[in-house]
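Open the model in your viewer and keep the selection panel at hand. This tour goes stop by stop.

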Amino acid sequence: MADITLNRLVKTYGRAEVIHGIDLAVADGEFVVFVGPSGCGKSTTLRMIAGLEEVSGGEIRIGGRLVNEVDPRQRNIAMVFQNYAIYPHMTVRQNIAFGLYTSKLGKTEKAAKVEEAARMLDLTALLDRRPAALSGGQRQRVAIGRAMVRDPAAFLFDEPLSNLDAQLRAQMRIEIKALHRRLGTTIAYVTHDQVEAMTMADRIVVMKAGHILQAGAPMEIYDRPADVFTARFIGTPSMNVLPVAGEGAGLAAAGAGAPLLAGVRPQALRVGAPEEEAALSLTGPVTAVEPLGPETLVHFTVAGQGLIATAPPHETPGIGAEVTARAARGQVHLFDPATERATGRA
Amino acid sequence: MATADTPAPRLRFARIRPGRIITWTLLMIGGLLMITPLLFMFSTSLKPASQIYDLRLIPASPTLANYAEVLSDGRFLRWFLNSSFVAITVTAANCFFDSLVGYTLAKFRFRGRQVVFIAILSTLMIPTEMLVIPWYLMSAQFGWLDSYWGIMFPGMMTAFGTFLMKQFFETVPDDFLEAARIDGLNEFTIWWRIAMPLVTPALSALAIFTFLGNWTAFFWPLIVTTSKELYTLPVGLTSFAVEQAIQWEKIMTGAALATLPTLALFLALQRFIVRGVMLAGLKD
Ligand SMILES: Nc1ncnc2c1ncn2[C@@H]1O[C@H](COP(=O)(O)OP(=O)(O)O)[C@@H](O)[C@H]1O
Ligand SMILES: [Mg+2]
């Protein structure tokens, strides 16, 4: 087990710099999730930690040891890929045992470790099958098994659930999280799915265009996003962000060039909420309603901008009707329109 | 039940379209053209010398005497073994070297990669006939004339095989190799244990082509060998033709026996030429 430290880490491909000097300290045993849109440099960062990509600048330390020039196999890390990458010409047992390729354990100890991993991952009955005869979820479990048997200093996951269907993804999220709790090994996990980030991470690292925008516990990022991008990226549906004018209780929608940007989550913007205690009131015609069961999403427009509010389940307004939705005091995030950085709350 | 079953055969016949019939007919004619010389070869090998110009396909008085004679002739066995040794060695060498170079060209980025690749490809454009003189001069210089190595060296690695293997290795996803790199395999072991098993279809095809090419090679072995003990089968068989009178029945018997190893090889390897092996370890 080990901590991972990134110091001013830079990656360039030819003349293009894709990682712009990022700093991060992952504590021993921590589950860190890198999240961000496609192409923001998550995989590149992870692959540099694994040793599959050369470091162009800065340093990577694993367990305190500088590993910039160390071969992947000497870093004692395990990696699970989006496409599973389990060897098709080997059985499940051989695939998992391959994780022990460099291990100095005896034959029986190795076999015992493979059995143990298979038991934990519910693969025992499949040990003598080949990958072609496995489902996607089973294949990914084999890949995890291969990573697990090594007792690595850290696990690296690159979008391991992206190829699974929604139901299996939800199940595997829980399994991986449980595995982490049991093994206590440091995990660096990459995903573009903010739900995965929220549900699994001890700490979320939000990336955009080769920069780290914010790193923090899931609820901390949800409650106190540092900028508009993070605010909109974390949480579904995305936070409403609109230009406003006014102060304190008197915030009102304003056109472009307004002195402030206000952000309010759809869950905090309630149709028919009481006027007193409201920090922001928005009125406009309804364009769509989406009943979800516990609540209904109400899409409406204010000054030409589409917003989403929530309504109680059985009080659904009709399309075209004027609705007023309000956010209570303390629920409105304020951002500087120029820098898009958070400036406070209203 | 019975009534529900009856329409099925009619449907199946209805599906045979006229286009299919034409295709099948053409293929059948092509197949017949291909197999006729082979049939005559077998047929002639079963005829006594007096009847070989009797062009009936079914021999009037079939005999295995030719086989007995050819097989008991020590020279035939010697040439058969020579050919086997040469073809097997060259095939193994090609499977090894062509794959190694093809893999390197497909999966590593290094300075001069394109230059090397183009240099290899350009040798594909030179016909064997033009190379025979340089090969001969080279063999003479190094004292390789009239030796096994002399027969084999030009074919130990081929541009075609390298090209074929490079194209196949390019279809092997990098994820497999990277996973192996993290699992702690060194680069040679990654090639041997991970990449090679993933290209067995290409490897089998390469093995068949190389074996066939060397098994039937005539021109270069004829030129480079002088002693009869070093003749390969095709060179040896034609020497039947020039001793005294042309002994067609013996040539045909030798040729018929010579097809057996290639048939055996093809049957042994064809099951590896199965597509889709590689993708099984990835997402569907
Ligand atoms: N081998 C490469 N050569 C050039 N550019 C690359 C290479 N790999 C990745 N990139 C670029 O680096 C950026 C980050 O890529 P990546 O780390 O794969 O993003 P993510 O995993 O977040 O989707 C992208 O803009 C991508 O185009
Ligand atoms: Mg990626």
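**Stop 1: between the domains of chain A**

Start where domain 1 of chain A faces domain 2 of chain A: 5 residue pairs are in polar contact between them, both residues of each pair at pLDDT 80 or more. Select helix H7 of chain A, residues 218-223. Helix H7 gives 3 residues to the side of domain 1 that touches domain 2, the largest share. By class, that side of domain 1 has 6 nonpolar residues, 3 charged ones and no polar ones. Keep in mind that this is a predicted model.

Now colour the two domains. The domain assignment puts domain 1 of chain A at 4-229 and domain 2 at 237-345. Their centres, taken over C-alpha atoms, are 38 Å apart. Show the contacts next: 9 residues of domain 1 of chain A touch 11 residues of domain 2. Together the two domains bury about 760 Å², with 52% of that on carbon and sulfur atoms. Select Tyr222(A), Pro225(A) and Val228(A). These three supply 61% of the area that domain 1 buries against domain 2, more than any other three residues.

Which side chains meet in a salt bridge here? Select Arg341(A) and Asp227(A): their side chains meet at 3.4 Å, N to O. The count between the two domains is 1 salt bridge.

**Stop 2: where chain B meets chain A**

Show both chains. The contact takes 23 residues from chain B and 27 from chain A. Chain B and chain A bury about 2,200 Å² between them, 61% of it on carbon and sulfur atoms.

Look for charged pairs. The count between chain B and chain A is 3 salt bridges. One of them joins the side chains of Arg150(A) and Asp183(B), at 3.9 Å from N to O. The interface also has 5 residue pairs in polar contact, both residues at pLDDT 80 or more.

Next, select helix H10 (174-183) and helix H11 (187-198) of chain B. Each supplies at least two residues of the side that touches chain A. H10(B) gives the most, with 8 residues. Colour that side of chain B by class: 12 residues are nonpolar, 4 polar and 7 charged.

**Stop 3: a lysine in chain B**

Select Lys166(B), in helix H9 (residues 159-170) of chain B. Is Lys166(B) buried or exposed? Lys166(B) counts as buried, because its relative accessibility is 8%, and buried means under 20%. Leaving aside neighbours within four places in sequence, Lys166(B) is in contact with Gly102(B), Leu105(B), Ala106(B) and Phe117(B).

Notes. Residues numbered from 1 in each chain as written. Chains lettered and ligands numbered in written order. Predicted model: local features only at pLDDT ≥ 70, side-chain atom pairs only at ≥ 80, totals over all residues. Heavy atoms only, no water. Domains from an automatic or database assignment. Contact = heavy atoms within 4.5 Å. Buried area = accessible area lost by both parts, 1.4 Å probe. Salt bridge = Lys/Arg side-chain N within 4 Å of Asp/Glu carboxyl O. Polar contact = N/O pair within 3.5 Å; in protein donor to acceptor, adjacent residues only side chain to side chain. Helix = DSSP H or I, 4+ residues; strand = E, 2+ residues; numbered from the N terminus. Nonpolar A, V, L, I, M, F, W, Y, C, P; charged D, E, K, R; others polar. Buried < 20%, exposed > 50% of the residue type's maximum accessible area, 1.4 Å probe, protein only.
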